[in-house]
Amino acid sequence: MPKKGNRKRLKFRAGDVCSESVTVADYADADPAVVKSGRLKKAVANAVEKEVKLLCGLEASQGAVEEVLSSRSVTGDGLDSSDDLDLEEDGENETKVAHKKKNKRRKESSDGGEYPVDIWLMLASYIRPEDVCRFALICRNAWTVTCTAAFWTRLYRRHYKIGADLPFRLQPDCIDRMCSLRARVIRSLFHLYEPFSLRVSKIPALPESTPTTLLNSKCLLFWVTKVSGTRPEALWEFNFKFLKQQRHSKNGGAKSLYMPRQYEDVHTNPDSDCYVLQVTTLNFIFTPVVMGMILSLFTINVSTDMRHHRVRLLFQDTPPQRWKKRGDQGGTQVVLDPVHSVKLMDWWHPHYPSSPHI
């Protein structure tokens, strides 16, 4: 039996195909040894379809079909002289031209006008507090507006109501100061703006899962306060203030926007990367000194009596190394049991302890 590799296929060229050279045998009685699938090759079918469309267009314009066939035969001779030109290459050229046109359109559409900062400052008067970030991402001038003291002062006055219950540091007299203006306005919005205050009120007393935000953070402060609540027994609050460690970005040469010098005081916030973990227990528990240490483990489990929760914190003297996995053994351990509530507060939280400078 002849091997499959010895079978030869016919090679069709676009110039060899026209309305006169296509027969019924090309479709019905084609030799399987020549065309394995028993059907006409796709290149031939495309050429015939192109020929038919060309003829239909000429008939509609009352042109002579014979001239088309003669011109087709002339161009066919030219195609026979060069074997590299076929329909697939024509299709690739068409796609390249289409991509170039799209890129040209994108460049033309990207060219736009640049509006002055005064117009963006006027538009900022209609921005909701939750849309400030989206507004700043529109363009560079819009971002510059969000850096100004006028933007944050107007945002505060728009939502302030006379007689609102605000801490002293967030009163209108303190808002007039430039230093840390942005931080004070954001904190006041969690008292004045209803969507923000509802977001805080919906936070449960105990988180559904153990938060991982504090891992590898440095403990700056630790203090304990006695609280008298609705229960007859007093409660104890254990507060841990953590500083989140900054990660070095891989893209060191990436471009970044620089804050205007005249507005650096407006964005000053010493607690921008700080969190406060507040654990409320039913009784006082002795804890070791952990200030200046790194938190490597934080778990919230069910207590042994199955009625309350248990919080376990593990601190290390040095930050963990990336290529080493640190186990549960070693370090300074803090166990709080039984636990009444656990709160993880960001710097903008209404119950976050105030700083003397903010």
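Is Asp131 buried or exposed, and what is its relative accessible area? Asp131 is buried, at a relative accessible area of 16%, where buried stands for under 20% relative accessible area, exposed for over 50% and partly exposed for the range in between (1.4 Å probe, protein chains only).

The views below show a predicted model, in which local features need pLDDT of at least 70, side-chain atom pairs count only at pLDDT 80 or more, and totals for chains, interfaces and linings use all residues. Residues are numbered from 1 along each chain as its sequence is written, and side-chain values use heavy atoms, with hydrogens and water left out.

**View 1. Overview of the protein chain, with its 10 helices and 6 strands.** Helices (H or I, at least four residues) and strands (E, at least two) are DSSP runs, numbered from the N terminus. Of the 358 residues in the chain, 31% are buried. The accessible surface, from the Shrake-Rupley method with a 1.4 Å probe and, for residues, with only the protein chains shown as cover, comes to about 24,800 Å², and carbon and sulfur atoms account for 53% of this area. When contacts (heavy atoms within 4.5 Å) are taken between residues at least 6 apart in sequence, 68% of them join residues at least 24 apart.

**View 2. The salt bridge between Asp131 and Arg128.** A salt bridge is counted when a side-chain nitrogen of Lys or Arg lies within 4 Å of a carboxyl oxygen of Asp or Glu, and by this rule the structure has 5 salt bridges. Side chains of opposite charge can pair when their charged atoms come close. In this pair the N to O distance is 2.9 Å, and while Asp131 is buried, Arg128 is partly exposed at 46% relative accessibility. Both residues belong to a network of salt bridges that also includes Glu130 and Arg134.

**View 3. Asp271 and its salt bridges with Arg187 and Lys241.** The closest N and O atoms of Asp271 and Arg187 are 3.7 Å apart. This pair links distant parts of the chain, since Asp271 sits in the loop between strand 2 (235–243) and strand 3 (274–281), whereas Arg187 belongs to helix 9 (residues 181–192), 84 residues apart. For Asp271 and Lys241 the corresponding distance is 3.3 Å. That pair also links distant parts of the chain, with Lys241 in strand 2, 30 residues apart from Asp271. Asp271 and Arg187 are buried, and Lys241 is buried as well.

**View 4. The hairpin of strand 4 and strand 5.** Strand 4 (residues 294–302) and strand 5 (residues 309–316) run antiparallel and are joined by 8 bridges, where pairing requires that DSSP find at least two bridges between two strands. Thr299 has Arg312 in strand 5 as its bridge partner. There are 6 residues between the strands, and Met306 takes a positive phi near 60° in this hairpin.

**View 5. A nonpolar surface patch of Leu220, Leu221, Val289 and Met291.** Patches consist of residues with over 30% relative accessible area and no salt bridge, like charges being joined within 9 Å and nonpolar side chains (Val, Leu, Ile, Met, Phe, Trp, Tyr) within 5 Å. The area of this patch is about 360 Å². Leu220 lies in strand 1 (residues 218–227) and is partly exposed, with a relative accessible area of 33%.

View 6. With a disulfide taken as a pair of cysteine sulfur atoms within 2.5 Å, the structure holds 0 disulfides.
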